[in-house]
Amino acid sequence: MYQAPRGTSDILPGEQVYWGYIRQKASAICALYGYQRIDTPTFEDARLFERSIGEETDIVEKEMYTFEDRSGDRLTLRPEGTASVCRAYVEHGMHTLPQPVRLYYDAAIFRYERPQAGRYRQHHQFGVEALGDGDPALDAEVIEMAWQFYVNLGLRGLSLNLNSIGCNSCRPAYLDSLRDYYSQHRESLCPDCKRRLSRNPLRILDCKKPSCIPFSERAPRSIDYLCRECAEHFDRLERYLVLLNLPYVVNHSLVRGLDYYTKTVFEIAPEGEIAAQATIGAGGRYDDLIEQLGGKPTPAIGFATGIERLVRNLKKQKVAVPANPSHAVFIAYLGQDAKDVAMKLASHLRNSGLSVALTFGDRSLKAQLKQANSTGVQRAVIIGDDEVRSGAVMLRDMDKGEQEMIPLDKVAEVLSQVVA
Ligand code: ATP
Ligand code: MG
């Protein structure tokens, strides 16, 4: 028996109500904030991700699905959304459009992770990017949009964590002081963090291993090392967040798992989730990325949210989502002549915009009506030999159990009036 590959899953019809609900809320919030959809390829040149995410990150070191195609090109299944959007921004000369360019995506993401609840090898992200504006007001707007998206979904107990990790001019001094600090605790750190110590000490702050967490709580704080411009940016952002009534907390150990971030970083988590899969959404500024990919210097900010984690939290918090609409009408028939009439009638009703269910095979009328009942239709049309001869059919109100005969050519008209 074949099974879906480890860390992937089928999204069955019963789950789709959640996905449809989330996507509808996502496109609604994008319309409110003026974001337009972009779709980029599922795979890209491997170097795009290696360069932007950073060679010394978990994603590039251990998690990418990279392969050579038949012509020897090295390709990678998208492990995140931002790099592709920036590549498209540069490739299509979007700097000539009014800035910021506001784009959103909804895409499958591939990471070779250790599968567990809320962590998969193929997951899906809804994300937004606002490209071409460095104003901290834009940071506040993007954070507000993320926050409002979760509120609109009906999630409760959200917390918003905020930090600034500075820029190329102030970060080196901060990294030095982190290196000094962690060197004193080297022996207690996990093997990954021992390696990170020389290569990328910022990442130690992000380590979720219980051995490393206590040290990160007492580590030097990036906001104490910000240059004037970054400090001012952070101050103004905080002022805007207060203005917009967003209840944030500054979390000094918040960094992100990708190298391209500068200045603002943030994460949103719902109540009661354990650390390993707590975050439902995260984002930040990446003011150098577009230039690094060959574009003009272009400040930008975005965030992304994991759809599977949203589904998980909607279920956990028992948020009511609108049910899938069921069929409006069921057609039951008895005998071949009646079946012909039923098929023509189904076609006619569907073309008039009514959703119709009927079953095939030789089921008894009783079995068909039982099925009509369990599918929750409001009305059933019953066609037997008599009905075929008389040119009228039986229309049954499934709730009340009442029925009446109506002429075949009036069925569509009558049903459109009584069926929602
Ligand atoms: P985490 O710290 O949980 O590994 P991350 O920092 O790697 O998350 P991002 O790269 O910021 O995550 O991705 C944005 C969002 O996508 C996360 O907040 C999370 O909701 C979701 N996400 C990330 N990785 C996975 C995964 N393997 N399976 C399911 N959802 C994921
Ligand atoms: Mg991760």
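Helices and strands on this tour are DSSP runs numbered from the N terminus, where a helix is H or I over at least four residues and a strand is E over at least two. With that in hand, select Pro100, in the loop between helix 4 (82-91) and strand 5 (101-110). The peptide bond joining Gln99 and Pro100 is cis, with omega at about -5°.

A word on ground rules. This is a predicted model, so local features need pLDDT of at least 70 and side-chain atom pairs count only at pLDDT 80 or more, while totals for chains, interfaces and linings use all residues. Residues are numbered from 1 along each chain as its sequence is written, chains are lettered from A and ligands numbered from 1 in the order in which they are written, and side-chain values use heavy atoms, with hydrogens and water left out.

Next, jump to Asn245, in the loop between helix 9 (228-243) and strand 8 (248-250). Asn245 is not a glycine, yet its phi is positive, near 65°.

Now zoom out. The domain assignment, which is automatic or comes from a database, gives domain 1 (16-170 + 226-316) and domain 2 (329-414).

**The ligand**

Select ligand 1 and show what is around it. A residue counts as near if one of its heavy atoms lies within 4 Å, and 17 residues surround ligand 1, the closest being Arg111, Glu113, Arg119, Lys208 and Arg256. By class, that shell holds five nonpolar, six polar and six charged residues. Here Ala, Val, Leu, Ile, Met, Phe, Trp, Tyr, Cys and Pro count as nonpolar, Asp, Glu, Lys and Arg as charged, and the others, Gly among them, as polar.

Which atoms make polar contacts (pairs of N or O atoms within 3.5 Å) with the ligand? Start with Arg119, where a side-chain N or O atom is 2.9 Å from an oxygen atom of ligand 1. At Tyr120, look at the backbone instead: an N or O atom there lies 2.9 Å from a nitrogen atom of ligand 1. Thr279 also uses a polar backbone atom, 3.0 Å from an oxygen atom of ligand 1. On its own, ligand 1 has 580 Å² of accessible area (Shrake-Rupley method, 1.4 Å probe), and the protein covers 93% of that 580 Å². Strand 6 (122-131), strand 10 (281-285) and strand 11 (300-306) each give two or more residues to the shell.

**Empty spaces**

Rolling a probe the size of a water molecule over the atoms shows where empty space is left. On a 1 Å grid over the protein atoms alone, a cavity is a set of points where a 1.4 Å probe fits but cannot get out, a pocket is an open set with protein on both sides within 12 Å along at least five of seven lines, and lining residues have an atom within 4 Å of a point. Grid points are joined across faces, edges and corners, and a volume is the space filled by probe spheres set on the points.

For the largest cavity, select Glu56, Asp58, Glu61, Arg195, Arg196 and Arg199, which line it. Its space is about 60 Å³. The lining is six charged residues, with no nonpolar and no polar ones. Helix 7 gives the largest share, three residues.

Last stop: the second largest pocket, about 220 Å³ in volume. Of its 13 lining residues, Ser9, Glu15, Trp19, Tyr120 and Glu308 lie nearest its centre.

Terms used
A polar contact is a pair of N or O atoms within 3.5 Å; within protein, one must be able to donate a hydrogen and the other to accept it, and residues adjacent in sequence count only if both atoms are side-chain atoms.
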